[in-house]
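Welcome! Have a look at the model below, and then let us walk through some of its side-chain pairings and one piece of its fold.

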Amino acid sequence: MNHLSGHYTLRADVPSVEIFRRLRTDAGLSDKAPEAVALALPHTWYGVVLSYESEPIGMGRIIGDGGTAFQIVDVCVHPAHQGRGLGKRIMAALVEELERRAPATAYVSLIADGPARFLYEKFGFADTAAHGSIGMYRSMHGSGEENAQDCTDEVSHSS
C-alpha cells in the first residue's frame, strides 16, 4: 500500500464491478454494462485503486497480452478530489509497473480524453498522428453486419 498525502492511499488492486462502475460515472466517463465489467476485470494485467479515508475515489488499469501490447484504461479520479495530483500518482504507479514487468519491446497505448493528454505526455506518451499513424476504434453496440454495411456504404460514397 502506498500512503499519499493526507488520508489518501493507493494500492495495487482491481475494484469490484459496482465500484468500477461508480468510479467511472462519478468521473464523467461512460458507464459499462455490469456483465461486461464482470468479464473484463479478471483480465486486468495490473490495476490500482485510490482511496480517501478507505473510500475508493479513483482507479487505473492496464490490460493487454502481457508481452507485446498493453493499454492503459479507466484512469479516473472523483471530481471532488481532482486537481491534487492524484491522477498523476495513478499514472506513476501504472507506468512504474510497466517499466518493472513489461518487455522492452512492448507497445503501450491509451486514449486521451480532452486535457488528460497533458498528464499522459508527462509520462512519455505522444500523439500517434505525429508518428504516421492514427488511433481507431469500433463500438460493439451494433451488429457486425450493420457495421460492415456502413463501411460498404462509406466506400461506395467516397469513390
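## R11 and its partners

R11 counts as partly exposed, because its relative accessibility is 27%. This is a predicted model, and in it R11 forms a salt bridge with D13, with 3.1 Å between the closest N and O atoms. D13 is partly exposed too, at 30% relative accessibility.

R11 also meets S51: a polar contact of 3.3 Å joins their side chains. S51 sits in strand β3, which spans residues 46–52. With 2% relative accessibility, S51 is buried, since the cut-off is under 20%. Leaving aside residues up to four places away in sequence, S51 touches H7, Y8, T9, R11, P56 and I57.

## Other salt bridges

Nine salt bridges are found in the structure. One of them pairs D31 with R21, the closest N and O atoms lying 2.7 Å apart. D31 is in the loop between α1 and α2 while R21 is in helix α1, so the pair ties together parts 10 residues apart in sequence. D31 has a relative accessible area of 40% and is partly exposed; R21, at 25%, is partly exposed as well.

Within helix α4 (residues 116–121), R117 and E121 lie four residues apart, about one turn of the helix. Their side chains form a salt bridge of 3.2 Å, N to O. Elsewhere, salt bridges link R22, D26 and E55 in a network.

## A parallel strand pair

Strands β5 (residues 69–77) and β6 (residues 107–110) run parallel and are joined by four bridges. F70 has V108 in β6 as its bridge partner.

How values were computed. Residues are numbered from 1 along each chain as its sequence is written. This is a predicted model: local features need pLDDT of at least 70, side-chain atom pairs count only at pLDDT 80 or more; totals for chains, interfaces and linings use all residues. Side-chain values use heavy atoms; hydrogens and water are left out. Two strands pair if DSSP finds at least two bridges between them. Helices (H or I, at least four residues) and strands (E, at least two) are DSSP runs, numbered from the N terminus. Buried means under 20% relative accessible area, exposed over 50%, partly exposed in between (1.4 Å probe, protein chains only). A polar contact is a pair of N or O atoms within 3.5 Å; within protein, one must be able to donate a hydrogen and the other to accept it, and residues adjacent in sequence count only if both atoms are side-chain atoms. Contact means heavy atoms within 4.5 Å. A salt bridge is a side-chain nitrogen of Lys or Arg within 4 Å of a carboxyl oxygen of Asp or Glu.
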